[in-house]
Amino acid sequence: MKKVGRAGRKPKLVAHDEAVRAWIGLHPDATLDELQAWLLAERQVKVSIGCLWNRLQFLGLPLKKSHSAPPSRIGRMSPRLARSGMPARAS
């Protein structure tokens, strides 16, 4: 049985897939907000962040939510809590 979403309608961004791919190729560190603004300004397409997220995931393109996220660190970010009945380790 074939599953059809949204009453058989095509996704809103399907006609813009190649333009989105090209734009992301030129702006690999762009945020979803920046992509959303570009689509509105250059392609006159208004879409939600969720719609963009889903389309980029479908296309296998990288996702970046915001520039404000701190870089990830390797290792424990918070101190380990002592287990009941065991002495806490000195850091």
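**How the helices pack**

Guide: H2 and H3 are roughly perpendicular to each other, a label for angles of 65 to 115 degrees. Helices here are DSSP runs (H or I, at least four residues), numbered from the N terminus.

Visitor: What angle do the axes of H2 and H3 cross at?

Guide: They cross at roughly 100 degrees and come within 10 Å. Axes are lines fitted to C-alpha atoms over the stretch in contact, and angles run from 0 to 180 degrees between N-to-C directions.

Visitor: Which residues make the contact of H2 and H3?

Guide: H2 brings Leu32, Asp33, Leu35, Gln36 and Leu39, and H3 brings Ile49, Leu52, Trp53 and Leu56. Contact means heavy atoms within 4.5 Å.

Visitor: Before we go on, what kind of model is this?

Guide: It is predicted: local features need pLDDT of at least 70, side-chain atom pairs count only at pLDDT 80 or more, and totals for chains, interfaces and linings use all residues. Residues are numbered from 1 along each chain as its sequence is written, and side-chain values use heavy atoms, with hydrogens and water left out.

Visitor: Okay. How do H1 and H2 pack?

Guide: H1 covers residues 17-26 and H2 covers residues 32-43. They pack at about 125 degrees, with their axes 12 Å apart. That makes H1 and H2 oblique to each other. Oblique is what remains after under 35 degrees (roughly parallel), over 145 (roughly antiparallel) and the roughly perpendicular range of 65 to 115.

Visitor: Which residues of H1 and H2 make that contact?

Guide: Ala19, Val20, Trp23 and Ile24 come from H1. Glu34, Leu35, Trp38, Leu39 and Arg43 come from H2.

Visitor: New topic. Which residues touch the most other members of the largest nonpolar core?

Guide: Val20, Ile24, Leu35, Trp38, Leu39, Leu52 and Leu56 do, in a core of 16 residues. H1, H2 and H3 (49-59) each supply at least two residues of this core. A nonpolar core is a set of buried Ala, Val, Leu, Ile, Met, Phe, Trp, Tyr and Cys residues joined through side-chain atoms within 4.5 Å.

Visitor: And the loops? Is Gln44 buried or exposed?

Guide: Gln44 is exposed, at 60% relative accessibility. Exposed means over 50% relative accessible area, buried under 20%, and partly exposed in between (1.4 Å probe, protein chains only). Gln44 sits in the loop between H2 and H3. Its phi is positive, about 55 degrees, although Gln44 is not a glycine.

Visitor: Where is Pro28?

Guide: In the loop between H1 and H2. Pro28 is exposed too, with a relative accessible area of 52%.
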